[in-house]
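Hi everyone, thanks for coming. Have a look at the structure on the screen, and I'll walk you through a few places in it.

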Amino acid sequence: MNAPDASAPEHQHTPGRLEAALRRRRANGGKALVPYLTGGLGEWVPTVEAVAQAGADAIEIGVPFSDPVMDGPTIQAASDQALREGALPYEVIEAAGAADVGIPLAVMTYYNLVFRPGVTRFAGELARAGIAGAILPDLPLDEAGPWIAAADGAGVETVLLAAPTTPDERLQRIADRSRGFLYAVGLLGVTGERASLADSAKEIARRAKAITDLPVLVGVGVSTPQQAVEVCEVADGVVVGSAFVRTVSEGGSPDQVAEQVATFRDALDRGA
């Protein structure tokens, strides 16, 4: 039997919990904030809970992996530290699902961790833990059919990524098949804090917004509240990771990370 065509357009779908939350923020005239935190690093579960209370619309939990090709030095070091502290994929997923948050959670990890147990088992583990979405940055759309079928069957939203260099035709196919939101990658390169917002961040958001009604969030290269506000002149929201992970890595308490998230929330709400 042939694997389902992951690139086939599916314009009509029922939004899951992640997409519904982001759509609600947009419908109310706001901009979505999705912080990223590394699972298994320090007091990560209390930090997730504190960040949820600080105004996040959803939270992306990184499941540590030894070769995180999308991530820059800050998140790579955090993943390495979490692995040294004994973080295991299913323990991170179970602990995330048990956290008292009241907002959707998505996991971000790499396809090796999905392939080894099998797509059906991994999707089932996410669903059993109550995880709403999954982001697999090293799984291209053309090879994602088996995973997407398993995730759809389990009720897990597969968030797909679009790079600044994605051609228009491929961008449309990615947008048609993404669930939860379309992850617009703000620049060519790995995650990390930057002094200024790349021009490509607004441009990929603009291109994506022109072809889809799915919430479009920009991640990679959004480091400050001011940069978040700037890119949200076009985008529906932002994914912010390295700035928060650095605070955790430097020994910041859950409350300190929550205060940092709150500054982003306040800036986005004020639009300045």
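Let's begin inside. Find Leu37, Thr38, Leu41, Trp44, Thr47, Val48, Val245 and Val248: together they line the second largest cavity. Before we go on, please keep in mind that this is a predicted model.

How big is that second largest cavity? Its volume is about 50 Å³. Searching the whole structure turns up three cavities of 30 Å³ or more.

Helix 2 supplies the largest share, with three residues.

Now let's step back for the overall picture. The chain holds twelve helices and eight strands. Of its 272 residues, 58% are buried. And if you take the contacts with a separation of 6 or more, 74% of them join residues 24 or more positions apart.

Next, a pair of helices. Two packed helices are described by the angle between their axes and the distance between the axes. Here, the axes of helix 4 (residues 89–98) and helix 6 (residues 119–129) come within 8 Å, crossing at roughly 25 degrees. Angles under 35 degrees count as roughly parallel, and helix 4 and helix 6 are therefore roughly parallel to each other.

Who meets whom there? From helix 4 we have Tyr90, Ile93, Glu94 and Gly97, and they meet Arg121, Phe122, Glu125, Leu126 and Ala129 in helix 6. Sorted by type, the residues of this contact are five nonpolar, one polar and three charged.

Let's zoom in on one of them, Glu125, which lies in helix 6. Is Glu125 buried or exposed? Glu125 has a relative accessible area of 16%, so it counts as buried. Setting aside neighbours within four places in sequence, Glu125 is in contact with Tyr90 and Ile93. Glu125 and Ile93 are 32 residues apart in sequence, yet their C-alpha atoms are 7.8 Å apart in space.

One last stop: helix 8 (residues 168–177). Its buried residues are Leu171, Arg173, Ile174, Ala175, Asp176 and Arg177. What covers them? The cover includes helix 7 (145–154), strand 5 (157–162), strand 6 (182–185) and helix 9 (199–209).

Definitions and conventions: Residues numbered from 1 in each chain as written. Predicted model: local features only at pLDDT ≥ 70, side-chain atom pairs only at ≥ 80, totals over all residues. Heavy atoms only, no water. Axes fitted to C-alpha atoms, helices over the stretch in contact; angles between N-to-C directions. Helix = DSSP H or I, 4+ residues; strand = E, 2+ residues; numbered from the N terminus. Parallel < 35°, antiparallel > 145°, perpendicular 65-115°, else oblique. Contact = heavy atoms within 4.5 Å. Nonpolar A, V, L, I, M, F, W, Y, C, P; charged D, E, K, R; others polar. 1 Å grid on protein atoms, 1.4 Å probe; cavity = no way out; pocket = protein on both sides within 12 Å on 5 of 7 lines; lining within 4 Å. Points joined across faces, edges and corners; volume = space filled by probe spheres on them. Buried < 20%, exposed > 50% of the residue type's maximum accessible area, 1.4 Å probe, protein only.
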